[in-house]
Every structure is written in structure tokens, then in C-alpha cells.
Amino acid sequence: MISGVFLYNHKGDCLISRTYRDDITRSVVDAFRANVIHARHSVRSPVINIGRASYFHLKRGNMWLVAVTRLNANAALVFEFLNKVVQLMEAYFAQFSDVNVRNNFSLIYELLDEILDYGYPQSTDPDSLKLFITQQGLNANASREEQTKITSQVTGQIGWRRDGIKYRRHELYLDVLESVSLLMSPQGQPLSAHVAGSIRMKCYLSGMPECKLGINDKIVNKDGAQRAAAGAGAAQKKKRNRKAPIAIDDLTFHQCVRLGKFDMDRSISFIPPDGEFELMKYRTTQDIKLPFRVTPLVQEQGNRIDITVNIKADFDPSLFGQKVEVRIPVPTTTSKVNVHADRGKAKYKPGENAVVWKMKRFAGGRTAQFTAELELLNVSDKKKWTKSPVSVKFEVPFSASGLEVKYLKIMERKLGYEDTEVTKWVRYISSSGSYEVRYA
Amino acid sequence: MATKGYENKRSEVNELRTLLRNPEVQRDPQRYCEVVEKVTLYQTLGLDVSSLFSDMVLACATRSLVQKKLVYLYLCNYAQSNSDLTLLTINTLQKDCRDTNPMIRGLALRSMCGLRVPNLVEYVLVPLKDGLADKSPYVRQTAVMGCVKLFYLDQSYVTDNNLAESLHAMIHDRDAQVVANAVIALEEVLAARGGIMLTQEVAYMLFNRLREFTEWKQCAVMNVLLRYKPASDDEVFSILNIVDERLKHSNTGVVLGAARLFLHFTAEMEDIQEDIYERLKTPLITLMSSAPAEVSFSVLHHLHTLVKKRPDVLAKDFKAFFCRFSDPAYVKTKKLDVLVDVAMESNFEPIVEEMTAYVTDIDVERARHAVRCVGRIAVKVPAAAEHCTTLLAFLELNSEYVTAETVIVMRDYLRHSPSDAVDLLPQLFELISPDLFDDESDARAAFAWLLGEFGELIEDAPYLLEAMVDDVEAEETAAVRLQLLNSTLKLFFKRPPECQKMLGRLLETLTSDEIQQDVHDRALLYYRLLRSNPDEARRVINATLPPILDHDRSAMTDMELREFNTLSVIYGQPSINFTVQQPPYCTFGTIDPTAALKQAQQANDEDEDEEEEADDTPSFTQR
């Protein structure tokens, strides 16, 4: 599949080059540098074909990560893989940067050797890789028993969890993280809005615990039509009417969740990996509680522009929004800016052509107003100001989709500790995805 | 250590050799390892460190796992050019293959198979066979891949030693990852025979164990399973019920792999197609809006394929394709294309409105693209045509490139439905004049075309045209000159008294043109035609234009559906156009080369008459 993986810095120095198959030579290193990194025009696609070889590339910070293949490969798969490689490197040395790559290059070679065999991705799970690829290069002296255990985790049935984990206190943290995206028309109508949520779990549990999670999911049986057509009578779905159930458009789960069981009775049951992981991802588009309403107003008069932005927090008064930041773009020809905000701090950032208005805390139900008077330079060619949208960043401790964790039960048959012995914590955070409001 | 090496890299190879041979260094494991790391670093930089081979061979006798790995990496790179010396390492490698640590056994086996020295394969056989029967699954899966490596080194090796049979046996291994690797390996080793034999028993076993494989191997195995031929519709449904849960996986590769199985197995069942598309679209839209940009980009292409096949299914989801400010350029461009294809009677209004917002984008290329898209929607959806006033509104933006692009789009639209000219042209000509697009030759040509074609509807057409004719000497582009010639002639037959003089002047200028042969020849042809037989000339010049038909893209779309979840969808080309070899694992979907070529040519022809598609087809020539 993948014939080679290469890593460049922004100058085009090749820092890591690992070839897996004989169908490419070192010349691909130069071909990519010449055609993409040093290309005169910015490249308009993340996949390009040079000399009948396809180059998949992604740029993170100022690093380039490239995979090359000559086959008709699965593009999405390769990109997913490259992203996984970046995540892996971040798991090992925090930031994926030029210096870190140079200082850890032997480690990276070790990783690349392990995660791809003859171009086929093997296992990329950071937790199990970390057991035998360490920055110190240790573990050659581990006992025979441990060695076997490590490798069996790499391949085993429950690859994500090893045997014999023990904790004195059993704790479990559940984070419901949602990123709210909104595109609002100048008239105040949402053009599109969706919530991309994920449930992250951090668990410190002994043995092989069976977990069962319940959420307030209205069973919109979207796949029912297909299943009925598919002729299988597996649609044993019951409508449970709980308080304010929500319609989830789509769900994806971590490898550990028994998908078959979920299909049968919508129960989410699994044996969790040790430590931190992402249990599920979901997306909703209906009945989204938009935490902030923003109404920008622009008045242009010759060389003066007045901008007024009103923001209202649309959630329970007992909650506080945090790190609220409104970014109001201004024309490039702005010469002087007077800002006034009745809450928080607003500052003009000439380098970014925007006024940034920050508020540390924002209680539910409150409103805030901001005004800016701009003076423009007298420029001969009167180009129209291309208004990029006002964007908002925030963090609010509730779930914008309305998702709620109903219960999380834990059963461990062998060690036999009780569900009640586990301390459980649940936290909801909605943060902004791309929350944009267009100017009138 | 690494950073230091960069500055003075040239002179260092000799120094490294001295270091590697220094007994003091060899006694200090940490220093020894650092020197080996340095060698690897130079190797990465592209320096030739092959002269250190014999010293590196000695360095592989070490307890340090890191050093071992680096030395093996070095060996795999240079073994081919030092085949004689490589023999020296075999001993150490064989010893490592018998190590108590499965990690080391696996590593040694992987490196041994990766040496690529044909005359050493005989030494690999025993460790390889041991590896296939090893008690650690890690070693087994490595050994399985080793078989593939040796197969490419020496094709007869696998058959001579009955390795294929051993691999077949391993399909039923206890460990799922070994099973997946065995399937992958057999697919390559048996490519000449059409890959692994998928009996019902094997296929069912793989379908049932699918969830046990790692995400990457699920993709590979699903690709193999495409070749399986279910006996009945009921069988298809029970298979799809198993695959269905894969659509909930968070890895895009897995979801698209499952989607391909769905599309492939139900390709013949017309009646449930709509349900299938309905089922597939939701997970794909989720992935598109939540995955990293590059992944999102490839999902978007696959969604586009689905949209092209069945726009009705996704018509309600058009909002998912609205651009976000933070999307990278390639995603935005593609989203616009998808919006055009998803537009229909029921949803065109918000789409056109959204496009209008992009016309004011700072990125010139996208603004132009948005104008073109509005034009394409107007052509495609008859009801949207009334919205051509939207197009006219673009002209009031006072931006040169938007105006230019709008004129071009107007020409294309009126060429498609000339009957609307009566309503549109007067408004259009109120807003434009040729000096608005001094830098835009295509727009000038379009402007001239409108004057020639609809001269009878525009009162001052001759005068507008005359201004351009007078400037023809300054006009550099051949296309505009040719268009001017055509338009003047057309207008001449419509309004002879007003045009005769300028036609004479134009013909004189152009026939004396000696640089642009094409222009010269055409002018001369018309001149002679007019002289010999004016009636014949009228017939030639005022020939009715053939109506524009929406060209049929279904052959392309079907190709994309057949090669779903591959690069073909991204490039919009059949795989034959951009790969050298056929991947062994998708032999099922390959089209016979001649037909594919024909299709490709057809596709290229289509590209030529549709400008906007030309941008996103990749160039396959080395620049």
C-alpha cells in the first residue's frame, strides 16, 4: 500500500525517510520537495500525482508529512493514517516540531518500523506501542513473562487492555465535549448549525471491567429503512420515552464498544482501555441550543465605519461561559480605531486586521455590547471591503446538543468490586467549533 | 547531538568510521549507540554512508534494542549493494531469531526478510518457517509479511517451499491480526491466480471476524472481500447486516471501505439503491464535517460521487456543503462543485444565495469559481434561470474580475437558452462596457460574441463593436481577434449599412497580420468567401448553432462508483491513468485496459469542453 513515509521541515530538508517497498527510489524525496514545498504556486490539493506516483501530504505547523504510493490506494485511509502518525508523535514528544523530530529521530524510525510492515499499517495504538517503544530504548531487560505479555497485547483479542491492571481506588471520569458550529446569515438566521460531540473517558479500574453507558438518545431509526429492505428482522428497537430525548444524526464508537449489541438494543457496552481514550463521537443537527446570540451591525459613512456588536448568553443563569472571545474583522485600510466595550477588554490588532474582544466570564442570560469607530485611510482605488464573518470562541459548561449521560454501570466479574465502589465524575463542556456570523 | 551533525556533514564519514572502530567507544554502550544514530542521521540526509558497512555489521552484536533496530535499518538499506558482506550478518540475525524475547525475534525476522539479497534467501527459510509456527502471534504476523517480501525477491521461492499452503492454514489462526496479515499476504502472493480463494466458508469467517482486526486491517480485508460473489440476494442482505456496524467506526477508511461493499454488492439491485444511499450519506457527512481537513477532502470527493449519481438523496443535506471560513482552499472549491450538482428545483434558492456570498471572497480564484457555479446552476435548473438577475447584481460589485467572469457566464447561459436574451440583454448592456475588462481577454471575447449573436437586440451594438475593431491592432490575443472577426461578420449580415465600413477595415488589418497565422488565414477565407458568393457566405456565417445538451457524465460516475474508495474518485480518472501496476487486491474491479483507455479519452474530451473541470484534474507529467 504505502511505499514510503517522509518528513520534511518547512525549508524542505528531509528529516525522516523510510521506504517500505521497492517501487520508489530516493528521487521521490526530491520530486516532492521541488513540486510541492518549493513550488511557486500554492498547491491546491493534498494529493498530487508526480510521475505516476501519488503523494499524500499534510502540513502541521511548519512540518510536512508525506506518504507515497504507486497503487490506487484508499485516499481517506492514508490520510487517517498520517494523522494517526502525527498523533502518535505528539503522544511521545508533545509537539510535532522541527527540533523535536531531530532530537527523536531514532525513536521515529522505531515507530515507523513497527506501525507499517511492508507498507501495510499494523497497529497504531499509542498505549500499546508505548509499552515497548520508549524514549529511553529500555525494555530489553524486561522479564520473559512481560515480554510475551507486551507482544500479545499488540496483537491480542482485546488489544486495547492488558491483563492484571490494579488500582487501589477506582475512579472514572467522563467528559462530554461538544464543539458547536454555526453559520449565521446577516439577517440572524442560522444557515447551518451542527454539534460535533465526543465522550472522552479516563478510567482507573482494576481487572477487566464491563461498562454500560446510557444516554438520552431518541431512537431515530434512520437505518431502519435500509434494514427492512435488507430483509433482516433485527429491528428490535424499542422507543423509550425519557425526558427530552435528543435525536442523534450519527454515532461512531471506539473499537472497544460492542457494535453488534448496540445495534440490537441501543446499549453501549464495552471493556474500556486503561487511562484516557475517546469512547464515542456523534453529530446532531436538530434542536441545538446555541449558547450565544451575536448581532453585528455595520454602518459605513465615507471614511468612517461604525460597528456595533451585541452578544447575549442564551443559557441558564446559574452557569458561566468562559474564555469568550469575539473576533471582529475590520478593513485592511483602517487607520484609527476607537473601541468601547461595556464588559471585558477589546483591543485592535492591526497585524490581524481585527478587533479582538475578550471576556473571561460570562453569566447566562446576560448581554454585552461593543462599539467600534473606525477611520479609514484615503486610498485612491476604492475597493470594497470584503467582510469576513465575525467569529466567536467560548467554553460553556453544558451540552449544546442536549445530550445527557443517564447512567454508567460497571461490572467486574473476577475481582468482584461493586459498582458503588467506583467514584464517577461527569462533566459537560461545549466549546466553539467554527461559530461564525456574517456581517450585514 | 542531531543538530550538531547538520552543520559539518560533509567531512564526517571518515570520522564516524574511526569512532565505530575505536575500542573505547565500543566498550561504552551509550556512546556506541550515539555513533550508530549519527550514521542513520547521515543516511537520512542523503549522504552515502555505504562505506561503513563492515563496521555497522559488527555493531549489530549488541544488547541495546535501539542500536539493533538502527543497524538493521541500515543493513536493509545497503544490503543490496554489499551482498557479500551481508553474509556476515546472517549469523547474528539467525541467532536473534531464536531469542527468548518475541520482540527481538520479530525484529530480526522482519529485517532478515527485508535484506533484498537474492542469494541469501536460502538462509531465511528455516527462521521463516519457525516464525510462521512461533507461539507468539507478534512473530507470526511478522513472518507472514516476510513471505510477501521474499515473494517479490524470488517469485518461485514461495511455491517451491509450499509457503502458500502454510499461509492458507494461517487464515484460521487464533489471533485475528495474524489472520488479517495472512489474507493480505495471500492476496499479493497469489495475484497472478486472481488472489486468495474466497470460498463461502472463508468469506463468512472473515466477515464474522471483521471487528477483531485493527482498523487498518479491516480496510485491507474488506477490500479483499469485494471479490466475494454472494449466491443470492438473501446472502447479500445478511452480509450487509454484518458490515453495517462498520459504518459507525470512527476511522474514515473503515467507513468508506464498508460503503464500497454496500455499493458493490447492491449494484444490481435497483429497487433498494435509494435506501442504500440514504444509509451511507449520514456517516459520510459526519466524517466530512468533523475529520481533519485532508480526510474531509477525500470524504467530500466520495460524497460528490454519490451526489452525481443520485442528487435527490442528498438534496436536503445541501447545507452541509456550505463553506466555512476556516476551510482550506481545496475543500471550499470542492464544496462549491458539490453544491452545483446537488442543486435542484427544491433547494436552489438558498444555494444561489450562499454562492453570492462567496463572490465577494478575497480569494480571486474562488470568487470567479462562485460566479461560474451560479451560471452552471442557472443552466442546470430551469427554475433558477429566472434568478439570472442575481448574476446581473454581480456586475454592480465594481470588481473587474467578477464583472469579467459574469460576462463569460452570461455568454454560456445565453448560448444554452438564447430565448432569454430579449429580457436579459438590455439590462446587461446597461451595466457593462468593454473598457471594464482591459485585462481579461476571455471576457472581451465573450462580450464580442454577445454583440455578434444578439446584435439585433442591442441598439448600439455596431458602435460598441466598432470601438473594439478600432483597437484591434492593440489586441494581442488570437482568440479575441477571431471572435471579433466572427461577430463583425454576423452583425454585418444583420445590420449591413452600419457595419460595412468597419468590416472592411477589420478585414484589411487582419489579412495583413503575419504573426498570428490562424487569424490571417481565417480573415482571408471570409474575405474571399464574401467576394465570390455573398449568399453562400451568409449561409456559412449565420448557420444555426446546434443546441447545447447536458453532456452525459454517467460513464465517469459509474467508473468512480466501481473504483469507490480509491484515488480514482479523487482524481476523477480511472486508475489506469495514474498507476503503473495493478494492485493485486482490487483485481476484481479492474476494467480491461482498452475499454478503460477509451473511457479515459472520452473523459478527457469532456474535460476540454468544460473549462471548470480542467482545474481539478491533476497533471500527470513531470514538470
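Q: Which residue forms a salt bridge with B:Glu405, and how should I read that term?
A: A salt bridge is a side-chain nitrogen of Lys or Arg within 4 Å of a carboxyl oxygen of Asp or Glu. In this predicted model, B:Glu405 pairs with B:Arg372, and their closest N and O atoms are 3.2 Å apart.

Q: Where do B:Glu405 and B:Arg372 lie?
A: Helices (H or I, at least four residues) and strands (E, at least two) are DSSP runs, numbered from the N terminus. B:Glu405 sits in helix 25 (residues 400-416) of chain B and B:Arg372 in helix 23 (residues 364-380) of chain B, so the pair ties together parts that are 33 residues apart in sequence. Salt bridges that share partners also join B:Glu365, B:Arg368, B:Arg372, B:Glu405 and B:Glu440 into one network.

Q: Is B:Glu405 buried or exposed?
A: Buried means under 20% relative accessible area, exposed over 50%, and partly exposed in between (1.4 Å probe, protein chains only). B:Glu405 is buried because its relative accessibility is 3%, and B:Arg372 is buried at 13%.

Q: What should I know about the numbering and the limits of the model?
A: Residues are numbered from 1 along each chain as its sequence is written, while chains are lettered from A and ligands numbered from 1 in the order in which they are written. Because the model is predicted, local features need pLDDT of at least 70 and side-chain atom pairs count only at pLDDT 80 or more, whereas totals for chains, interfaces and linings use all residues; side-chain values use heavy atoms, with hydrogens and water left out.

Q: How many residues does the contact take from chain A and from chain B?
A: Contact means heavy atoms within 4.5 Å. Here it takes 102 residues from chain A and 115 residues from chain B. Buried area is the accessible area (1.4 Å probe) that two parts lose on being put together, summed over both. Between chain A and chain B that area is about 9600 Å², with carbon and sulfur atoms giving 54%.

Q: How many salt bridges are there between chain A and chain B?
A: The count is nine, including A:Arg438 with B:Glu354 (2.8 Å, N to O). On the side of chain A that touches chain B, helix 2 (residues 75-93) of chain A gives the most, with eight residues.

Q: Which residues touch the most other members in the largest nonpolar core?
A: A nonpolar core is a set of buried Ala, Val, Leu, Ile, Met, Phe, Trp, Tyr and Cys residues joined through side-chain atoms within 4.5 Å. The largest has 257 residues, and B:Leu206 and B:Ile377 touch the most other members. Helix 2 of chain A gives the most to this core, with 13 residues. Not counting residues up to four places away in sequence, B:Ile377 touches residues including B:Val340, B:Phe348 and B:Met355.
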